[in-house]
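Subject: Structure handover

Hello,

Here is the structure I promised to pass on. Please load it first; my notes follow below.

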Amino acid sequence: MTGTRRGTGDGIGLAALVSIGIGGMVGGGIFSVLGLTAEIAGAGSYVAFVVGGAVAALTGTSYARLSVRLRSRGGTATFLDTAFGVGVAGPLNVLLWLSYFVMLGLYAVAFGSYLAVLVGLPADGPWRRVLGCLVVLAFAGVNLGGARLVARGEAALVYVKVAVLVVFCIGGLTVVDTSRVAPSAFPSLATIVYAGALIFLAYEGFELIANAAEDARDPERTLPRAYLVAIGSVIALYVVVAFVAVGNLTPAQIVEKRDYALAAAAEPVFGAAGFTLIAVAAVISTASAINATMYGAAKFTYLMARHGELPHVLADPVWNRPVGGLVATTVGTLVVVVAVPIEGISLMGSAGFLIVFAAVNLAAARIGAPARRARVVPLAGAVACLGCLGALLWYAATEIPAQLLVLAAMVLVAVGGELVLRRRRTGSGGRRG
């Protein structure tokens, strides 16, 4: 159901909307994927973040148009349902749901790696997954008991995370070894594009602005600007962070310290204190990202179950509360943390979001851009998403083919599960409501 409220003086303003977008992106993403990006793209890592950011910017334009036209807390799901109907949107929404599990899994593994290093355990051993599972269970308990207090701290925490990264960038730029980031040291363009596609989920959080669109003040003006400022700021931040990190670590160090690369890159600049500061910031950031994403994913699960796109049991109340979505989110995340290698986690998550965002771009071209000329940008966004998806699949097929089976399983679950539910609804005479 789309929102009907008009922007009022007491609605959410531009600054708050930008904070929501930046907070969604600069959560656990940069701490989770930087080491993986540096290992794959090397000197071209910062260009890989430009590639991912360009796709995010094009898709953000589509989100801005749809957010203004369909002001609803349903966000992405509402856009897809309205543009394509439940027959097409259902599997895409299930795929988005599974992608949230993957993103939570990536954050949890990153949390485990950084916390393990802080307490003197090996970052690449089983402890990172043990600690990752424990933090998921801990925040499942927090969300079950009520996360209002923690949620209130999220806004302030956004600025703390950004401030730490800005200090890292300013200090790191003074000691960067430019030979390590020179174009002559770049890998192939295909490798850089693959790396940009692989870490795309580090930009995914801008879609949270759409969920706040119903309450936006002066939406025709503030929503497009919020997407532009949030995505543009995060692109600049990520590019400089990657530039400094690669410029301060040798290729051997990147491989050795991939799981906590950002903290390792701070050590040449600020010494042991810098390493500890970034590691602590990473633990806090990934933990807060898990909490916020788990809350959103559980709510999304509940709404999909209410609408018939997931089993209705996930919307049934337990102890007078709809906890089925939270339980499903927790279990799905734990499976990812325990069973999937980190490169496979990133592959699955980025591929899932690229498929969904390609559909959102097409939705914007279909219902958000009535003039033919206005369809150029959303169609370009769809092409960019599918192009990155193609690069992702091509590289994975040649380098890590086993992970394609995991991705294929995720897509099959989304499509097959929705088909089964649709047959049950049809057979029982039920309808989506």
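Eight residues form one aromatic cluster: Tyr63, Phe79, Tyr100, Phe200, Phe206, Tyr227, Phe353 and Phe357. Bear in mind that this is a predicted model. The structure holds 17 aromatic pairs. One of them is Phe206 with Phe357: the ring centres are 5.5 Å apart and the planes stand at 45°. Phe206 sits in the loop between H8 and H9, while Phe357 belongs to helix H14 (residues 342–368).

Next, the core. The largest nonpolar core has 146 residues, and Phe49 and Trp97 have the most contacts inside it. Helix H12 (residues 261–306) is the top contributor, with 20 residues. Leaving aside residues up to four places away in sequence, Trp97 touches Ala297, Phe300, Thr301, Met304, Leu310, Leu314 and Ala328.

Then a helix pair. How do H8 and H15 cross? The axes of H8 (residues 189–198) and H15 (residues 376–399) come within 8 Å, and the crossing angle is roughly 110°. H8 is therefore roughly perpendicular to H15, as the range for that label runs from 65 to 115 degrees. The contact residues split into eleven nonpolar, one polar and no charged. On the H8 side they are Ala190, Thr191, Val193, Tyr194, Ala197 and Leu198. H15 brings Cys388, Ala391, Leu392, Trp394, Tyr395 and Ala396.

Two single residues are left. Asn248 lies in helix H10. Is Asn248 buried or exposed? Asn248 is buried: its relative accessible area is 6%, and the label needs under 20%. Its contacts, again without residues up to four places away in sequence, are Gly172, Val175, Val176, Arg180, Gln253, Ala265, Pro268 and Val269.

Asp218 is found in the loop between helix H9 (208–211) and helix H10 (219–248). Its phi is near 50°, a positive value in a residue other than glycine. Most residues other than glycine have a negative phi. Asp218 has a relative accessible area of 37%, so it counts as partly exposed.

Best regards

Key: Residues are numbered from 1 along each chain as its sequence is written. This is a predicted model: local features need pLDDT of at least 70, side-chain atom pairs count only at pLDDT 80 or more; totals for chains, interfaces and linings use all residues. Side-chain values use heavy atoms; hydrogens and water are left out. Helices (H or I, at least four residues) and strands (E, at least two) are DSSP runs, numbered from the N terminus. Buried means under 20% relative accessible area, exposed over 50%, partly exposed in between (1.4 Å probe, protein chains only). A nonpolar core is a set of buried Ala, Val, Leu, Ile, Met, Phe, Trp, Tyr and Cys residues joined through side-chain atoms within 4.5 Å. Contact means heavy atoms within 4.5 Å. Axes are lines fitted to C-alpha atoms, for helices over the stretch in contact, and angles run from 0 to 180 degrees between N-to-C directions. Angles under 35 degrees count as roughly parallel, over 145 as roughly antiparallel, 65 to 115 as roughly perpendicular and the rest as oblique. Ala, Val, Leu, Ile, Met, Phe, Trp, Tyr, Cys and Pro count as nonpolar, Asp, Glu, Lys and Arg as charged, and the others, Gly among them, as polar. Rings of Phe, Tyr and Trp (its six-membered ring) pair if their centres lie within 6.5 Å; planes under 30 degrees apart count as stacked, over 60 as edge-to-face and the rest as tilted.
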